[in-house]
Amino acid sequence: MRSLTLISFALLALPLRASAEVPVEIVDRAGARLTVDGVIREWGADFASLGDRADVVAGALAWRGAADASVRFALARDPDALWLAAEITDDRLLRSAQRRAGDDALVLTFSVDGGPVREVALFPGEPGRIASAARWVAGGAGAVAGAEVVEAAAPQGVTLEARIPWSALPGVRDGFDRLRMRVAYRDGDGAGPVSLLATGPGGARAPRDLALTVNARRAVAPRVDLLEAFRESRGLAGVAALLDRSADVAGDAAPERVVVLPGFLFVSGPGVEGGAGYRFAELSARDASDLSELAVRDVTGDGKADVLIRQRVRAQGLARELVTVYALDGAGALRRVFAHEVSRSIDGAMLRNTLTWPSPGVVRVALGQSQGWTQARWAGGAEGDVMTPLTPWGPHRARVYRWSAPNGPFAVERSEPNPSAEVSTAAPSGSSAPPPPAAPQADVAGVFALFRQREGLSPSARPSHRATGDVVDDPTPEELHVYGRVLVVAGPRFMGGRSYYSLSLPITDGDEVTGLEVVDVTGDRRGEAVVRVRRHVTTRVQGAEIPSQRELLLAYSVDPARRGRVFAAEIARRVAGDSITNEVELPRRGGDSITLRAGRAVGWTEANYPFHDAPQERVFPLLLPWDPASRRAVYRWNGTGFARVP
């Protein structure tokens with residue numbers, strides 16, 4: 001009589017293998033991105049195979065060749081889980097909702113130092129009828145907690161992906177150098193004996209016969225040209241770089257790539273998200289002709305290279321030149337850590353400061369040439385974080401700034417008095433310089449018109465969403481507009497009322513922005529732009545393409561110290577009439593937390609919910625109403641980012 005347990009199958013026959021065991025290797029995912037969706041294309045071609053007679057360790061008489069039963073598989077790991085991909089060839093897949101001992105399944109056996117054996121069976125499902133499952137054979141009972149298994153139809157069987165959290169396999173993650181493991185495929189054709197193809201002998205009752213795993217290699221992520229992706233996102237495809245340099249700006253001593261493009265500074269490399277992402281900053285100067293003195297060197301004296309850029313900013317005839325320094329801080333953010341206006345000119349009037357770097361971490365700014373400007377005619381105003389130039393009538397003729405470790409800022413260390421500070425503000429007698437006009441006034445409407453012109457929009461184009469609030473600098477409120485996929489910020493005191501800040505939202509054609517408001521979610525008494533977007537996403541689930549609508553809640557800071565996205569969470573998902581919608585609670589009068597509640601599901605239940613996808617990178621996942629651990633989530637600002645409160 002045929003036994004009803006997998007363990008017995010492994011012991012019914014002596015191993016027939018005449019050659020060495022098939023090596024079991026668990027590679028480090030590194031930056032490779034994987035999703036449990038049953039589609040295994042992203043795994044590459046490095047699979048081990050079980051399909052020879054030497055691989056049959058039990059039920060040899062029932063096995064009729066590779067077309068009857070064979071499997072290709074690969075294993076990977078990350079800090080949280082074990083991952084598996086497999087392509088199963090089987091002329092008759094035996095599947096049932098009861099997951100019987102004779103059903104077809106992939107079986108993984110683990111033992112560290114000959115200790116307790118854990119054996120897990122991965123059962124492929126049948127789309128629309130039977131769900132995939134991971135269940136214990138030895139070392140546990142019932143379903144494997146937290147495991148995900150998804151299959152997809154294939155011409156001669158199925159492909160399968162699985163993710164098993166390390167919490168379900170105590171000791172395995174920390175014992176790779178001593179881990180013994182076997183991968184097996186159990187082929188049951190219904191009436192006859194069950195065949196077992198495996199990487200080697202051993203099982204729950206013979207852990208010492210399991211082969212040691214091989215864990216020397218690291219998975220290589222699919223190569224993505226991050227710079228080209230950034231160029232595409234900013235409409236700069238084909239635009240030549242003004243600077244493209246390798247330098248150690250973050251992380252260990254490995255160099256990063258520093259690129260200056262018209263209007264942008266871009267940094268990528270090992271010290272930026274482990275090489276899987278990039279950081280960028282928008283420059284005040286947008287045209288290549290207004291960018292000069294591009295250099296990469298250690299300005300702050302912290303042992304890491306910084307980016308020094310001299311930029312010219314023009315508005316209504318006034319030309320201002322800024323010396324700016326950008327650095328990656330300890331949290332990985334790209335910040336402008338020094339900005340000083342060193343020249344200003346209009347209609348023949350000119351003033352210039354000289355700037356020198358006596359030693360790393362020290363900057364000296366001194367009064368230089370001046371012609372045509374007087375105190376009465378001086379055009380004041382600049383961005384909030386830009387230091388204004390020294391003037392002949394001002395109290396100082398020089399200032400020395402020193403870097404404050406570890407993350408700055410540059411602060412005034414000492415000033416040298418200006419003996420001419422009390423000189424009359426009248427223009428010199430006989431001066432041939434024309435009297436400069438008064439300083440340009442803030443023109444917010446003109447700033448938005450300039451944005452539309454630069455983006456190639458119609459002069460009459462209107463934003464889809466507007467909001468007003470204090471998001472930066474003094475309490476004077478700024479205006480926030482959304483044009484298509486771009487959020488634009490301008491204001492009477494923001495950047496002198498003569499320029500704007502813009503960023504691209506994570507949407508493409510067919511997606512849409514559904515809401516915009518200004519709310520202080522970081523508790524710094526400055527609002528953030530809170531944006532709701534609806535995206536149209538197609539996901540492959542159990543071999544079928546399912547189109548869905550997904551809504552995201554996004555928060556963006558305009559603070560120069562952390563400009564960019566500070567929060568992202570999925571808050572709704574819909575397919576036809578089925579939906580899950582989370583409830584959102586934002587601070588009413590300023591605060592440092594965002595609360596989400598699972599809300600309710602329409603049409604979907606825990607049994608029929610089709611999605612088991614991993615959360616998007618740096619996006620908090622959708623809360624599921626039937627999951628007790630995720631019915632309510634509070635995310636709090638910790639000074640560098642939002643984290644879920646336990």
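**Strand pairs and a buried serine**

Seven bridges join β23 to β24, and these two strands run antiparallel. Keep in mind that this is a predicted model.

User: What makes β23 and β24 count as a pair?
Analyst: Pairing asks for at least two bridges between two strands. Seven bridges join β23 to β24, so the pair qualifies under that cut-off. One of the links has W403 with F410 in β24 as its bridge partner.

User: How do you know that β22 and β23 pair as well?
Analyst: The same test works here: at least two bridges are needed, and β22 (residues 362-371) and β23 (residues 396-403) have five, in the antiparallel sense. Along β23, A398 is the bridge partner of A366, and V400 stands opposite R364.

User: Why are β17 and β24 said to stand at the edges?
Analyst: Let's start with the sheet: eight strands form an open sheet in the order β17-β18-β19-β20-β21-β22-β23-β24, with antiparallel pairing. β17 (291-297) and β24 (410-417) each have a single partner strand, so one side of each is left without a neighbour in the sheet. From one strand to the next, the twist averages 25°.

User: Now to S548 in strand β31. Why is S548 called buried?
Analyst: Buried means under 20% relative accessible area. S548 has 4%, so S548 is buried. Among the residues S548 touches are R535, V537 and F611.

Methods:
Residues are numbered from 1 along each chain as its sequence is written. This is a predicted model: local features need pLDDT of at least 70, side-chain atom pairs count only at pLDDT 80 or more; totals for chains, interfaces and linings use all residues. Side-chain values use heavy atoms; hydrogens and water are left out. Helices (H or I, at least four residues) and strands (E, at least two) are DSSP runs, numbered from the N terminus. Axes are lines fitted to C-alpha atoms, for helices over the stretch in contact, and angles run from 0 to 180 degrees between N-to-C directions. Buried means under 20% relative accessible area, exposed over 50%, partly exposed in between (1.4 Å probe, protein chains only). Contact means heavy atoms within 4.5 Å. Lists of a residue's contacts leave out its neighbours within four places in sequence.
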